[in-house]
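Q: I would like to take a close look at one part of a structure and then see what surrounds it in the description. Please consider the following model.

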Amino acid sequence: MSVAFAQSTPESAYAWTRLLTSLALMTISGVGMYAVAVALPVVQAEFGITRSDASLPYAATLIGFGLGGILMGRISDRFGVMAPILIGAVCLGLGFTAAGASGGLWQFALAQLLIGLLGTSSAFAPLVADTSMWFTRRRGIAVAICASGNYLGGAVWPPVLQHYFDAVGWRATFTGVGLFCAATMIPLAFVLRRKPPVLDLSGEIKSDARKKIGIPPNTLFALLCVAGVGCCVAMSMPQVHIVAYCGD
């Protein structure tokens with residue numbers, strides 16, 4: 001068996017290396033979702049706006065994240081997972097730089113829309129789907145590890161951001177974050193250049209067919225969409241306000 005073929009098989013050492021790379025990419029790109037929440041009080045003060053107006057950029061980020069997930073999924077299906085990661089690295093760099101240079105609320109909100117639409121969204125759905133193709137026996141834990149990167153970013157980034165907000169200001173911090181994302185995500189993306197193995201899922205499909213739940217596929221898909229939106233709305237409402245609230 002050649003080394004290249006061995007590396008392209010599920011559960012291989014390369015598959016685990018790829019998983020750790022995906023975890024790192026998910027954690028780094030997650031800054032797009034959390035930076036705006038940490039910056040909310042200082043943005044509100046600098047632009048002289050209300051708390052509700054200062055929350056607009058966060059809403060733009062998450063709307064972009066949702067729509068961008070669909071777009072990045074299509075790009076990943078057509079060109080491979082490396083393509084959306086490279087797009088995300090560039091757009092996170094541009095988005096954070098533009099946000100740091102913004103002169104008002106609407107400019108800041110549009111920069112955050114770019115961060116969500118073409119930046120943070122590039123990692124979540126494509127990497128979770130890609131990870132599922134590299135594991136069979138340990139697929140559940142592998143997907144869980146990959147997806148946890150988004151929430152690991154929520155633990156890592158806020159204290160780092162607050163430290164630099166206090167040290168150099170939020171504008172310089174945003175610019176630095178953009179440069180950091182581009183400088184780290186681009187080389188990491190090349191670890192993912194290998195195509196996933198072609199898995200034989202016929203056995204799993206037959207097994208699933210024997211466990212029908214009596215719901216048409218389209219109805220089930222719609223219910224999952226409603227559940228996802230309901231879950232994320234409930235999560236994001238306190239998430240955007242909790243830092244500012246604690247500061248108050």
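Why does leucine 152 count as partly exposed?

A: In this predicted model, leucine 152 counts as partly exposed because its relative accessibility is 38%, and the partly exposed class lies between under 20% for buried and over 50% for exposed. Leucine 152 is found in helix H9, which covers residues 139-168. On the surface, Leu152 belongs to a nonpolar patch together with Val156, Val160, Tyr164 and Val168. The accessible area of these residues together is about 400 Å².

The largest share, 13 residues, comes from H12. This pocket has a volume of about 970 Å³. It is lined by 27 residues, and Phe65, Gly66, Gly228, Val229 and Cys232 are the closest to its centre. By class, the lining has 19 nonpolar and eight polar residues, with no charged ones.

The second largest pocket has a volume of about 370 Å³. Among its 20 lining residues, Ser76, Gly80, Val81, Asp130 and Pro196 are the closest to the centre. H5, helix H6 (82-100) and H8 each supply at least two residues of this lining, and H5 gives the most, with five. Here the lining residues divide into ten nonpolar, three polar and seven charged.

Definitions and conventions. Residues are numbered from 1 along each chain as its sequence is written. This is a predicted model: local features need pLDDT of at least 70, side-chain atom pairs count only at pLDDT 80 or more; totals for chains, interfaces and linings use all residues. Side-chain values use heavy atoms; hydrogens and water are left out. Patches are made of residues with over 30% relative accessible area and no salt bridge: like charges are joined within 9 Å, nonpolar side chains (Val, Leu, Ile, Met, Phe, Trp, Tyr) within 5 Å. Accessible areas come from the Shrake-Rupley method with a 1.4 Å probe; for residues, only the protein chains shown count as cover. A salt bridge is a side-chain nitrogen of Lys or Arg within 4 Å of a carboxyl oxygen of Asp or Glu. Helices (H or I, at least four residues) and strands (E, at least two) are DSSP runs, numbered from the N terminus. Buried means under 20% relative accessible area, exposed over 50%, partly exposed in between (1.4 Å probe, protein chains only). On a 1 Å grid over the protein atoms alone, a cavity is a set of points where a 1.4 Å probe fits but cannot get out, and a pocket is an open set with protein on both sides within 12 Å along at least five of seven lines; lining residues have an atom within 4 Å of a point. Grid points are joined across faces, edges and corners, and a volume is the space filled by probe spheres set on the points. Ala, Val, Leu, Ile, Met, Phe, Trp, Tyr, Cys and Pro count as nonpolar, Asp, Glu, Lys and Arg as charged, and the others, Gly among them, as polar.
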